[in-house]
Amino acid sequence: MYRKFVEEIGLEGGEDVLDFGAGWGDNTFYIARKLFKGGRVTALDVSEQWQKVARRRLKGFKNVDFVRSDVRSSPLKDGSFDVIVVSYVLHDIPVKERKGILDDLVRKLKPDGFIQLREPTRKQHGMPINEIRNLMNQAGMMESSSTVGRNQFKARYSRGK
Ligand SMILES: C[S@@+](CC[C@H](N)C(=O)[O-])C[C@H]1O[C@@H](n2cnc3c(N)ncnc32)[C@H](O)[C@@H]1O
């Protein structure tokens, strides 16, 4: 499931990637394996516990940077990522904070960068697809592809021209 999601990003190997809310690092692992042409992945997570787990699991990789921080107060520079991965993070964030977080993530993208997202959509565990689309729209992002599954929504967003 992680591997397929990362395959779908279509990384070429030299990109700067942010794994926002990297957790225990499963996406980070598959991303790092794809970045064999000088690319780097930053595993950002606010949780000390999950950062520890991810660091331990990925210690063999030289192209992974770890940042333990909330994205809103992180030291990451604006305009520095080709790809930002948001995998099962947004639905965990309080509704009122989602817009601010997405605006912040969009600022971290390079001009031609994109966000690759997947979120659960079940009522008991997830968020409505319309809310994701509205938030992205408000952040100035256009949906270039999407897949609506039974319990999961996947999509790519680029800056609107
Ligand atoms: C459900 S886990 C998903 C982990 C991973 N992305 C995956 O797909 O397996 C959500 C993660 O997002 C992190 N997170 C939530 N809000 C965050 C924020 N504002 N800044 C950074 N990380 C955050 C949590 O600590 C948690 O590790």
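**Ground rules.** I am working with a predicted model, where local features need pLDDT of at least 70, side-chain atom pairs count only at pLDDT 80 or more, and totals for chains, interfaces and linings use all residues. I count residues from 1 along each chain as its sequence is written.

**Sheet.** I began with the strands (DSSP runs of E, at least two residues, numbered from the N terminus, as are helices, which are H or I runs of at least four). I found 7 strands in an open sheet with mixed pairing, ordered 3-2-1-4-5-7-6. Strand 3 (64-68) and strand 6 (141-148) are the edges, each pairing on one side only. For me, two strands pair if DSSP finds at least two bridges between them.

I then checked some pairs. Strand 1 and strand 2 are parallel, with 5 bridges, and there I saw Phe-20 opposite Leu-44 of strand 2. Strand 5 and strand 7 run antiparallel and are joined by 7 bridges; Ile-115 has Tyr-157 in strand 7 as its bridge partner. Strand 6 and strand 7 are also antiparallel over 7 bridges, and they make a hairpin with 3 residues between them.

**Core.** Next I looked inside. A nonpolar core here is a set of buried Ala, Val, Leu, Ile, Met, Phe, Trp, Tyr and Cys residues joined through C-beta atoms within 7 Å. The largest one has 38 residues, and among those touching the most other members I noted Phe-20, Ile-84 and Ile-115. Strand 4 (81-87) is one of the elements giving two or more residues to this core, and strand 4 gives the largest share, 5 residues.

**Ligand.** What surrounds the ligand? I found 18 residues, the closest being Gly-21, Gly-23, Val-46, Ser-47 and Ser-87; a residue counts if its C-beta atom, placed from the backbone, lies within 6 Å. Helix 2 (26-34) and strand 2 (40-45) each supply at least two of the shell residues.

The C-alpha atoms of Pro-94 and Gly-23 are 17 Å apart, with 71 residues separating them along the chain.

Methods. Buried ≥ 20, exposed ≤ 12 C-beta atoms within 10 Å, placed from the backbone.
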